[in-house]
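Here are my notes for you, written as numbered points. Keep the viewer open while you read, and find each residue as it comes up.

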Amino acid sequence: MTVALGGLFAALLVAARPSLPWTTDRTDAIATAQVQAAPGPVMFPLFGRKSGRLYDYEPKGTGGLQAGVDMGGGWAEADALVQSNVSEGGKGHDVYHRTDGTLFYTAEHGNDTKVVGGGWQIYDRLLSVGNMGGSAEPDLVARHTDGTLWLYAGRPDGLLHPRMRIGAGGWNAMTALVGRGDYTGDGTADLLARHSDGTLYLYPGTGDFEEDGVLGSRITVGKGWNTHKLIVSTGDNSGDGKTDLIAADTAGLLWLYKGTGHADVPLAARVQIGTGGWAAFDHLF
């Protein structure tokens with residue numbers, strides 16, 4: 001895969017940034033839509049940043065990752081990076097990136113980098129969660145610094161519909177938020193969150209596109225998740241049709257938790273897929 005994202009981002013740092021609204025207007029259809037069932041699990045690459053450079057790790061297809069490919073530098077200034085499959089009918093490995101409070105969208109191919117909007121410094125976490133908000137495109141979830149949680153439904157041009165609150169408060173107790181798939185096997189996209197005490201919770205998607213109704217009651221997945229520095233989902237990494245979880249521990253090892261598709265025990269026992277050096281990454285996405 002050839003991606004020229006680094007060069008595009010470097011150009012953005014010196015380009016004029018027009019003043020744009022945060023998002024475009026929601027259409028009547030999206031205002032009344034119910035959440036579309038999550039598509040079958042997709043196998044995404046793993047992107048990582050260290051020393052200001054991005055690296056692309058393609059999936060092997062049966063679990064694990066191929067050797068990393070250096071995607072270029074110029075990414076140190078970004079304080080949020082999110083991979084999302086918006087372009088090319090959902091096949092593109094695109095990136096949302098934020099710097100100085102402005103959120104940008106860069107498609108995998110071509111030279112089209114867009115300003116999504118300003119004012120995004122009010123959020124301290126951004127992630128892609130798949131289709132949660134009623135549109136056919138993947139959505140973004142953003143955590144406000146006050147602990148509320150917000151959903152931005154995606155658009156086919158990489159821009160976003162107006163936000164909807166999906167968590168009334170208390171989300172600042174979470175030290176990791178992970179999405180990009182259905183972990184319960186019910187056809188709706190879910191959210192995983194790690195509490196500061198190390199407990200990992202599953203928040204199942206409800207299929208209801210209404211304020212504070214997108215996520216159901218949480219389910220405890222397990223304890224002791226503070227041993228991991230970074231947690232990320234790349235969809236179905238193992239090729240078994242279920243959404244998996246990848247975690248880098250504080251010792252620099254990389255682990256794969258295969259999804260089971262069952263809400264009571266959503267993740268199988270971990271399998272090591274990286275021998276070392278992963279502690280050098282400050283972000284995996």
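1. Helices (H or I, at least four residues) and strands (E, at least two) are DSSP runs, numbered from the N terminus. With that in hand, look at the open sheet whose four strands come in the order 8-9-10-11, with antiparallel pairing. Strand 8 and strand 11 stand at its edges with a single partner strand each, so one side of each has no neighbour in the sheet. On average, neighbouring strands here are turned by 30° against each other, direction ignored; axes are lines fitted to C-alpha atoms, for helices over the stretch in contact, and angles run from 0 to 180 degrees between N-to-C directions.

2. A word on what you're looking at. This is a predicted model, in which local features need pLDDT of at least 70 and side-chain atom pairs count only at pLDDT 80 or more, while totals for chains, interfaces and linings use all residues. Residues are numbered from 1 along each chain as its sequence is written, and side-chain values use heavy atoms, with hydrogens and water left out.

3. Now the overall picture. The protein chain has three helices and 20 strands. Of its 285 residues, 56% are buried, where buried means under 20% relative accessible area, exposed over 50%, and partly exposed in between (1.4 Å probe, protein chains only).

4. Back to pairing for a moment. Strand 10 and strand 11 pair in the antiparallel sense over three bridges, and leucine 149 stands opposite glycine 167 in strand 11.

5. There's another open sheet of four strands, in the order 4-5-6-7, again with antiparallel pairing. Which strands stand at its edges? They are strand 4 (80-84) and strand 7 (113-117), each with a single partner strand, so one side of each is left without a neighbour in the sheet. Its twist averages 25° from one strand to the next. Inside this sheet, five bridges join strand 5 (residues 94-99) to strand 6 (residues 102-106), and valine 95 has threonine 106 in strand 6 as its bridge partner.

6. Follow strand 6 onwards: strand 6 pairs with strand 7 over four antiparallel bridges, with phenylalanine 104 opposite valine 115. The two strands form a hairpin with six residues between them, and glycine 110 in the turn has a positive phi of about 90°.

7. Most residues other than glycine have a negative phi. Serine 51 has a phi near 50°, and sits in the loop between strand 1 (46-50) and strand 2 (53-57). Arginine 180 has a phi near 70°, and belongs to the loop between strand 12 and strand 13. Are these residues buried or exposed? Serine 51 is exposed, at 75% relative accessible area, whereas arginine 180 is buried, at 9%.

8. Next, the inside. A nonpolar core is a set of buried Ala, Val, Leu, Ile, Met, Phe, Trp, Tyr and Cys residues joined through side-chain atoms within 4.5 Å. The largest one has 19 residues, and Met132, Leu149, Trp171, Leu191, Tyr203 and Leu215 touch the most other members. Among the elements that give two or more residues to this core are strand 8 (123-130), strand 10 (149-152) and strand 13 (191-195). Apart from it lies another core, of 17 residues, including Val86 and Leu159.

9. Check leucine 192 in strand 13 too. At 1% relative accessibility it counts as buried. Leaving aside neighbours within four places in sequence, leucine 192 is in contact (heavy atoms within 4.5 Å) with residues including Ala176, Tyr201 and Leu245.

10. Finally, the rings. Rings of Phe, Tyr and Trp (its six-membered ring) pair if their centres lie within 6.5 Å; planes under 30 degrees apart count as stacked, over 60 as edge-to-face and the rest as tilted. The whole structure holds 11 aromatic pairs. Tyrosine 55 and phenylalanine 281 make an edge-to-face pair, 6.1 Å centre to centre with 90° between the planes. Tyrosine 55 lies in strand 2 and phenylalanine 281 in the loop between strand 19 (271-274) and strand 20 (283-284), so the pair ties together parts 226 residues apart in sequence. The rings of tryptophan 278 and phenylalanine 281 have centres 5.2 Å apart and planes at 25°, so this pair is stacked. Tyr55, Tyr57, Trp278 and Phe281 form one aromatic cluster.

Notes: Pairing = 2+ DSSP bridges.
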